[in-house]
Amino acid sequence: MRGYGTTLFHLAAVRRGGRYGTDVHFYSVAVLALPRSFPDTVASVGTLVHGLRMDPLPPRAGAPVHVPAGRKPRMIACSVDVSFAELIFTERVLRMTADAKMGWRLHGDRMIGWIKERKPYERVVELAEAMADVVGELPA
């Protein structure tokens, strides 16, 4: 995908002990191999993770930032590096994330993106393309 090694798959996130005993949430996922590592960072449309009852935060990231308050759709964003967060969480990146109805996470030299439910191949490819657009906005 645009020069990035790409992996596409479906994922079932299982949460035991919920209201109904076991909750299963399905996602379509894309992973892009990036040319270098970035600080652990996450951005997601809030509705993607609401049912999990937890935010998809990087380890040691501290509290999530719901940016900005009152934004529609609600967005969750967090990074282990505050200065990197200030560079990446621009209005343009947040809008691209919201328009694609996706969540994404930078983890080392990988970008992991997800959308709700098991989608057809073409829609998962669109997810990977939207992720590549976000990668284009990352600081050099």
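**Close-up views of a predicted chain**

**View 1. The whole chain, element by element.** Four helices and four strands make up the secondary structure here (DSSP runs, numbered from the N terminus: H or I of at least four residues for helices, E of at least two for strands). Along the sequence they come in the pattern β-β-α-β-α-α-β-α. This is a predicted model, in which local features need pLDDT of at least 70 and side-chain atom pairs pLDDT 80 or more, while totals for chains, interfaces and linings use all residues. Residues are numbered from 1 along each chain, and side-chain values use heavy atoms, leaving out hydrogens and water.

**View 2. The largest nonpolar core.** This core has 30 residues, and L32, F89, M102, W104, L106 and M111 touch the most other members. Such a core is a set of buried Ala, Val, Leu, Ile, Met, Phe, Trp, Tyr and Cys residues joined through side-chain atoms within 4.5 Å; buried means under 20% relative accessible area with a 1.4 Å probe, protein chains only. At least two residues each come from β2 (21-45), β3 (75-79), α2 (82-88), α3 (91-99), β4 (103-116) and α4 (121-135). The top contributor is α4, with seven residues.

**View 3. Helix α3 and its neighbours.** Look here for V93, L94, M96, T97 and A98, the buried residues of α3. The buried residues of this helix pack against β2, β3, α2, β4 and α4 (contact: heavy atoms within 4.5 Å). After α3 comes K101, with a positive phi near 55°.

Definitions and conventions
Buried < 20%, exposed > 50% of the residue type's maximum accessible area, 1.4 Å probe, protein only.
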